[in-house]
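Subject: Structure handover

Hello,

Here is the structure I promised to pass on. Please open it first, then read my notes below.

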Amino acid sequence: MFHTVLVANRGEIALRVARTCREMGLRVAAVYSTEDRDSAVVRFADVAVCVGPGPARHSYLYLPAIMEAARHTGADAVHPGYGFLSEVADFADACESAGITFVGPPAAVIERLGDKSTARAAMAEAGLPLLPGTIEPVADAEAVAKVAADIGYPVIVKAVAGGGGRGMQVVTNPDDLPRQYREIRCTAQSLFGDDRVYVERYLPSARHVEVQVLCDRHGNGVHLGQRDCSVQRRRQKIIEESPAPGLPAELAEQMGQAAVRGLLAAGYAGAGTVEFLVDDQHRFYFMEVNCRIQVEHPVTELTYGVDLVREQLRVAAGEPLGLTQDDLAPRGVAVECRINAEDPARDFIPTPGQLTTLSLPAGPFVRVDTAAVAGGRISAAYDPLLAKVAVWAPDRPQALARMRRALAELTVEGPGVATNRDFLLTALDHPQFVAGTHDTSLVGRLTDSYSREET
Amino acid sequence: MTSLMEPAQAESPAPLAEALDEVRRSAQSLLADLAHRPRALRIRAGDVVVEMEWTEGQQHAPATSTVAPLDGPPPAGPPSVGQTPAGGTPAAETGAGETPGGVDVTAPIVGTFYRAAEPGGAPFVAEGDTVKRGQQVGIVEAMKLMIPVEAGTEGRVVAVHAADGAPVEFGQRLLTIAPAAG
C-alpha cells in the first residue's frame, strides 16, 4: 500500500477521498488554489501545497504544478477525484513517468475510452448494444444529414471528446441541421479543442441508467449494480438513486455483465462507470464510459456497503479485488440529491458568495458529502456543488420520505446565495418520480412550469 | 497529445531552447506587424508553445509571457509579483503579500527555487543589491520548465526568504525589495 496520497482535487470529493486515505492509515497531501486556502481538505490534510491562483486552468488543471506538488510532498500515489485532470491521459502518463501511481485506469485506456468514437468502437466489439448512428466521426453536414435520414429524426450530434453532459446538440428538424452542425463543431472546438463529432439516434424520453464497475489489475471485474440518474437538468444530474427503480432483474443483470465485459475487454483497472440509455421497451444502449469515481458514487456505497475509494486505492496498489460477484448483493434503496448554489427562479444561475448560515441534514441513515462550512465561501471560480445529501432506507418510499425530511433540515443562508433545495423537493414529489416511471424529460417539464409560475 | 514529460526527456535542452528562441522571435515580428495589440497570443511550433496575455489597460509591455510545452496550460500569473495574485488573499503560512516597507517577490508557480542560473553559479541577486523593474532575481523550476522570477519594482533587495534549491509553493514569498524613492 502507499505511504502518501496526493489528492489532486478540491471541494467535497477531495475531502471524501482524504477521509478514506486517513482511515487506511495513509498520509494525505492536499493541493489548493489561492481561492481555497481555508478549505476543509486543507485543514484535514497532513500536508497541503498551494498550486496556483483561482482559475482552475492555472491551478487544479495545470499539470506541471500538480506534478510538482506530488514531488514536494513525497506522494507515491495521486488520486484525481472527478473532473479536473481525472480523465486526462497525459496526467496518468506523467504520473507513471514520475514513478507515482495514478489511481485510475492506465493512460492508454483513458485515451481510448475518453474519445467517444473509439469508445463506441471498443464497446461494440465487446458486444455492447449501441444506438443506431456512426462510430467514426462524420466529416460534414451532408454526411450527418445522410445518417439522420437513415436512422430517423431526432438525432443527437455529439462531440467525440465530450463528456459530463457537455458538447451535444439534438436535431429534430432537418432544416436546422446545417446551422446546428456548425454550432456544435464550434462548441466542441472551444470546450475540448477537438471539433470532431458523431451522430446517433436521440431518445427523447429514455432513462439514464449506469453501471458501477470495479476491475483489478489481474483481469477480474465485478459490477455494483445500477444507478438511475434520469433526473437531469440540461444533462446535469441532480438526483441519483440505486438500484434503478422498476428495472427488471434480468435486464439489470444483463447490463451489469455487459458493463464488466466491456471494461475488461478495454483493459480497465479501477472504478469505472458504463452509462446506458434504457428505452421504454427496456432495450439498453451503451452511451459512454467514465474513467473515474463519480459524483453520485455514494448511493452505490450505501446499497452495497463498499467504500469505492478504498477499492480504487487497493486496486491501484496492485492488490486483487477482495470481492466476487457473488459477495455483492445490494440492500435497500439509496437516493442522492445534489445541492447546488444556484437560483432556480433565475434560470439556475450560480449564486456564489459567503455562507452566513449553514445547517446540514443529519440523523438516521443520512450521509452528507460537503466541503462547505458556515462562514466559508462558495467560490465563483468553480462549479456550484454545495453538498451531496444521500439517504438510505429499506425501500424506496421510505428513502424518499427520508430525503424529504433531510432536505427540510437544510438551511443555507448568505448574501446573494440561493440553492436548488426547493426545486429538488418539487422533483421528489412529482407523481412520475414517486412512481419511479420518470425519464430524462422530467426536469425539462418541471422547469417549464417553474418559469411560468415566476412570470 | 504530447506529454509534458516528453520534450525534456526525449531531447537535450539545446534544441528546445532554440525552438523557444525561434518562437519568441516569430512572436515579436508578428506583433510588430499588427496595428492593434491582441488580448492574447498563442504560437505553436512543434512541441513548443508560447502564450502571452495582456491585462486591461496595459499598453506596451506584455503582462504575462509564459512558455509551456505543447498542450499544457500556461503557468500562472506574471513572473514578477509585487501584489498578491488576482483573487487571492495573503496568507500568513506562505508569506505571500507585502512586507512593511518592502514589496515581496513571490513564486509564480509551485516548484524548486534557484537563486543562480546554474548550480554553484553566482546568485542573480544578494541582499543589499539594487535591482531594476523586470530584472531577473531567480528561477522556479517546475517539471523541467525554468520560469524566471523578476523584480516587480525598482529598489534594493532587503531580504531573501527562500534558499537556493528550496521547494516553494505558488505565491510563496521569495525575496523582499525596498522600492527606490520617487
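Helix 6 (residues 116–125) of chain A lies across strand 6 and strand 8 of chain A, at about 105° to strand 6 of chain A. Helices (H or I, at least four residues) and strands (E, at least two) are DSSP runs, numbered from the N terminus. Axes are lines fitted to C-alpha atoms, for helices over the stretch in contact, and angles run from 0 to 180 degrees between N-to-C directions. Helix 7 (residues 141–151) of chain A lies across strand 6, strand 7 and strand 8 of chain A. Helix 7 runs at about 15° to strand 8 of chain A.

**Ground rules**

This is a predicted model: local features need pLDDT of at least 70, side-chain atom pairs count only at pLDDT 80 or more, and totals for chains, interfaces and linings use all residues. Residues are numbered from 1 along each chain as its sequence is written, while chains are lettered from A and ligands numbered from 1 in the order in which they are written.

The model scores ipTM 0.78 and pTM 0.83.

**The three-stranded sheet**

Those strands of chain A form an open sheet of 3 strands in the order 7-6-8, with antiparallel pairing. Two strands pair if DSSP finds at least two bridges between them. Strand 7 (166–171) and strand 8 (197–201) of chain A are the edge strands, and each pairs on one side only. Neighbouring strands of this sheet are turned by 25° against each other on average, direction ignored. Strand 6 (residues 155–163) of chain A is joined to strand 7 of chain A by 5 bridges. A:V157 stands opposite A:Q169 in strand 7 of chain A.

**The eight-stranded sheet**

Chain A also has an open sheet of 8 strands. The order is 13-12-9-10-11-14-21-19, and the pairing is antiparallel. Strand 13 (284–290) and strand 19 (366–370) of chain A stand at the edges with a single partner strand each, so one side of each has no neighbour in the sheet.

Now look at strand 12 (residues 270–278) of chain A. A residue is buried if 20 or more other C-beta atoms lie within 10 Å of its own, exposed if 12 or fewer, and partly exposed in between; C-beta atoms are placed from the backbone. Strand 9 (residues 207–215) of chain A pairs with strand 12 of chain A over 9 bridges, antiparallel. A:E210 stands opposite A:E275 there. Strand 12 and strand 13 of chain A pair over 6 bridges, also in the antiparallel sense. A:V278 has A:F284 as its bridge partner in strand 13 of chain A. These two strands form a hairpin with 5 residues between them. A:H282 in the turn has a positive phi of about 65°.

Further along, 4 bridges join strand 11 (residues 236–242) of chain A to strand 14 (residues 333–340) of chain A. A:E241 stands opposite A:V335 in strand 14 of chain A.

**One loop residue**

A:D395 is in the loop between strand 21 and helix 12 (396–409) of chain A. A:D395 is exposed, with 9 other C-beta atoms within 10 Å. A:D395 and A:G332 are 63 residues apart in sequence but 5.3 Å apart in space, C-alpha to C-alpha. Leaving aside neighbours within four places in sequence, A:D395 is in contact with A:G332 and A:V333. Contact here has a cut-off: the C-beta atoms, placed from the backbone, lie within 7 Å.

**Nonpolar cores**

A nonpolar core is a set of buried Ala, Val, Leu, Ile, Met, Phe, Trp, Tyr and Cys residues joined through C-beta atoms within 7 Å. The largest has 154 residues, of which A:V7, A:A30, A:V51 and A:I66 touch the most other members. Strand 21 (residues 385–393) of chain A gives the most to this core, with 7 residues. A second, separate core of 17 residues includes A:A148, A:V160, A:Y198 and A:V199.

**Chain B**

Chain B has 2 helices and 11 strands. Of its 182 residues, 36% are buried.

Definitions and conventions. Two residues are in contact if their C-beta atoms, placed from the backbone, lie within 7 Å.
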